[in-house]
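Student: Could we look at this structure together, and talk through its charged residues step by step?

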Amino acid sequence: GHVNNAVWVQWMEQVAVTHWRSVADPAHQDDYFWVVVRHEVDYLRAVLPGERIVARTWAGENLKGAKFDRHIEFLGEDGKARVRSRTDWAIIDKASGRPIRVPADVIAPFVGETAS
């Protein structure tokens with residue numbers, strides 16, 4: 001009768017990928033992909049059958065080499081947070097298959113903006 005942990009993680013990935021595809025330069029999408037390094041999830045309230053939720057996401061300020069953090073908040077119809085997460089992602093160069101330092105021009109469109 002509620003959303004389980006595996007579903008939340010799937011939704012987090014869907015929100016992150018959708019955000020990347022909607023904001024990132026097409027050339028960057030061709031050259032790089034991201035992999036999850038670490039998830040932190042706070043489960044605050046249950047989502048019940050039939051309840052609608054809204055996801056908000058934004059890039060954090062924690063840029064370390066190949067890693068960058070993303071925040072997601074799922075809000076219920078009442079505006080209260082159901083789940084909050086922070087995920088560390090690592091950027092991979094498609095050509096080499098290896099992690100690289102996050103290029104400034106790749107992350108610039110994401111810094112300081114919030115997507116819903």
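Student: Which residue's side chain meets that of E73 in a salt bridge?

Tutor: This is a predicted model, in which local features need pLDDT of at least 70 and side-chain atom pairs count only at pLDDT 80 or more, while totals for chains, interfaces and linings use all residues. Residues are numbered from 1 along each chain as its sequence is written, and side-chain values use heavy atoms, with hydrogens and water left out. A salt bridge is a side-chain nitrogen of Lys or Arg within 4 Å of a carboxyl oxygen of Asp or Glu, and at 3.2 Å, N to O, the partner that E73 meets is R56.

Student: Is E73 buried or exposed?

Tutor: Buried means under 20% relative accessible area, exposed over 50%, and partly exposed in between (1.4 Å probe, protein chains only). Because the relative accessible area of E73 is 10%, this residue counts as buried.

Student: Which residues do salt bridges that share partners join into one network with R86?

Tutor: One of the salt bridges here is formed by the side chains of D88 and R86, at 3.0 Å from N to O. Through shared partners, salt bridges join R86 into one network with R38, E40, D69 and D88.

Student: What is the distance of the polar contact that joins the side chains of R70 and H19?

Tutor: A polar contact is a pair of N or O atoms within 3.5 Å; within protein, one must be able to donate a hydrogen and the other to accept it, and residues adjacent in sequence count only if both atoms are side-chain atoms. R70, which is buried with a relative accessible area of 10%, is joined to H19 by such a contact at 2.7 Å.
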